[in-house]
Amino acid sequence: IGPADPAELLGCQDEAELQEGELTEYAVAAEHGLRLRARPSLDAPVLAVLPWGAGVFANEPPVGEWVCVTTGLLSGYMLAKHLAPLTAELKQVLEYD
């Protein structure tokens with residue numbers, strides 16, 4: 001049993017399955033969460049605040065101090081210094097929290 005339209009699942013599936021090319025998976029490493037911004041600027045509107053440990057995907061390397069990321073149906077920019085590459089070890093830590 002599932003939705004009549006497969007597009008209704010967008011955002012529920014692993015983003016790696018939804019995008020072509022090579023993706024880098026990161027986890028939010030900021031203790032109090034990290035803002036997802038509309039543009040790579042501290043003055044840009046905040047689209048969402050993701051909690052510590054939230055996963056995001058990037059399909060391009062960081063530009064300066066910013067990374068263009070996607071999470072669910074949202075895309076925007078996050079400060080690279082507050083993102084940690086999601087390794088197998090980090091996934092285990094996050095699963096216990």
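**A close look at one strand and its surroundings**

Tutor: Thr-71 belongs to strand E5. Helices (H or I, at least four residues) and strands (E, at least two) are DSSP runs, numbered from the N terminus. The model is predicted, so to speak, from the start: local features need pLDDT of at least 70, side-chain atom pairs count only at pLDDT 80 or more, and totals for chains, interfaces and linings use all residues. Residues are numbered from 1 along each chain as its sequence is written, and side-chain values use heavy atoms, with hydrogens and water left out.

Stay with Thr-71. This residue counts as buried because its relative accessibility is 17%. Buried means under 20% relative accessible area, exposed over 50%, and partly exposed in between (1.4 Å probe, protein chains only). A polar atom of the Thr-71 side chain lies 3.3 Å from the backbone oxygen of Gly-55.

Now take Thr-70. Strand E5 covers residues 66–71, and Thr-70 is placed there. Thr-70 is buried, because its relative accessible area is 14%. The Thr-70 side chain makes a polar contact of 3.0 Å with the side chain of Ser-75. A polar contact is a pair of N or O atoms within 3.5 Å; within protein, one must be able to donate a hydrogen and the other to accept it, and residues adjacent in sequence count only if both atoms are side-chain atoms.

Follow Leu-83. Its place is in strand E7 (residues 83–85). Leu-83 is buried because its relative accessible area is 9%. Contact means heavy atoms within 4.5 Å. Leaving aside neighbours within four places in sequence, the contacts of Leu-83 include Val-67, Val-69, Val-56 and Met-78. Trp-66 is 17 residues from Leu-83 in sequence, and their C-alpha atoms are 10.0 Å apart.

With neighbours within four places left aside, Val-28 is in contact with residues including Leu-34, Leu-50, Trp-52, Met-78 and Leu-83.

How are the strands paired? Two strands pair if DSSP finds at least two bridges between them. E1 (residues 24–28) runs antiparallel to E4 (residues 55–58), with four bridges. Thr-24 has Ala-58 in E4 as its bridge partner. E1 and E7 are antiparallel too, over three bridges. There, Ala-27 stands opposite Ala-84 in E7.

Now step back. The protein chain holds two helices and seven strands. Along the sequence, the pattern is α-β-β-β-β-β-β-β-α. The chain has 97 residues, and buried residues make up 28% of them. Take the contacts between residues at least 6 apart in sequence: 55% join residues at least 24 apart. The accessible surface comes to about 6,500 Å², and 53% of it belongs to carbon and sulfur atoms. Such areas come from the Shrake-Rupley method with a 1.4 Å probe; for residues, only the protein chains shown count as cover.
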